[in-house]
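I opened my notebook to look up strands and cores. Sequence and coordinates go in here first.

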Amino acid sequence: MTKVLVTGFDAFGTTPVNPAGSVARKLDGMTINGATVIAKIAPAAFFKSIEYVKEVIADIQPDVVIMLGEYGGRSMITVERIANNFNDATRYQLVDNEGCGLQDQPTDPEGPVGYYTTLPIRAIVKAMRAAGVPADISDTPGTFVCNHLMYGILHHIATENLNIRAGWIHLPHLPSVAAMECHLGAPSMSEETAVAGMTAGIEAILEHTEDIHDPIRSLWQI
């Protein structure tokens, strides 16, 4: 049976409830297009997150890995195109959950500058929009733990020659987080809407082993 690994994070920084964690838990155990979804919550920490997900991959041997994170300030689900071999946490005035704030450091000094996702990003966005969920392609995964983990896992898959498709999807704040004084004015998305979008996205991933070529109209993303 096809297995889809979905990873999320719990609280970090000024986010007490992370949509990446809550949405991953809602997806856990679902059967979508004949595939079983298995969710795991990674530690929100540089390097430790990569090692954790590598261990989970070795344990469950998934066919697809979808990593989730929160991107505050975005109004849509955003499907990342590329991961960069670069970390700069201090630009966000943030450290990870172990107090580490990498600045101007690569994830792997010997690795390439970046990796493209191997998920069908156009098909995912098109399916999410058809399901009534705002979604877009992003070329800016940030320089915090999300981009770090995306790069680390794509690098692991490439260097180990694993037959796994993988990529990253960012979710907006949950409404309860956007209501906090430190986030007032930020857009948000309900957990229910995010789950519906992710379900449609997983269906598209399973349907399309290669991406579609339809142009996807986009807006500028932060």
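Which residue stands opposite Ser 138 in β10? I looked it up in this predicted model. Glu 80 stands opposite Ser 138.

I then checked the pairing around that spot. Strand β5, residues 77-80, pairs with β10 in the parallel sense. I counted four bridges between β5 and β10.

Next I went through β10 itself, residues 135-138. Ala 135 and Ile 137 point one way from the strand. Asp 136 and Ser 138 point the other way. I found all of them buried.

I moved on to β3, residues 35-41. Strand β1, residues 3-8, runs parallel to β3, and six bridges join them. Leu 5 has Ile 38 as its bridge partner in β3. Strand β2, residues 31-32, also pairs with β3, in the antiparallel sense over two bridges. There I found Thr 31 opposite Thr 36. The β2 and β3 hairpin has two residues between its strands. Asn 33 in this hairpin takes a positive phi near 50°.

Last, I looked at the cores. The largest nonpolar core has 32 residues. Val 6, Ile 66, Leu 68 and Ile 169 have the most contacts inside it. Helix α6, residues 191-207, gives this core its largest share, five residues.

Key:
Residues are numbered from 1 along each chain as its sequence is written. This is a predicted model: local features need pLDDT of at least 70, side-chain atom pairs count only at pLDDT 80 or more; totals for chains, interfaces and linings use all residues. Side-chain values use heavy atoms; hydrogens and water are left out. A nonpolar core is a set of buried Ala, Val, Leu, Ile, Met, Phe, Trp, Tyr and Cys residues joined through side-chain atoms within 4.5 Å. Buried means under 20% relative accessible area, exposed over 50%, partly exposed in between (1.4 Å probe, protein chains only). Two strands pair if DSSP finds at least two bridges between them.
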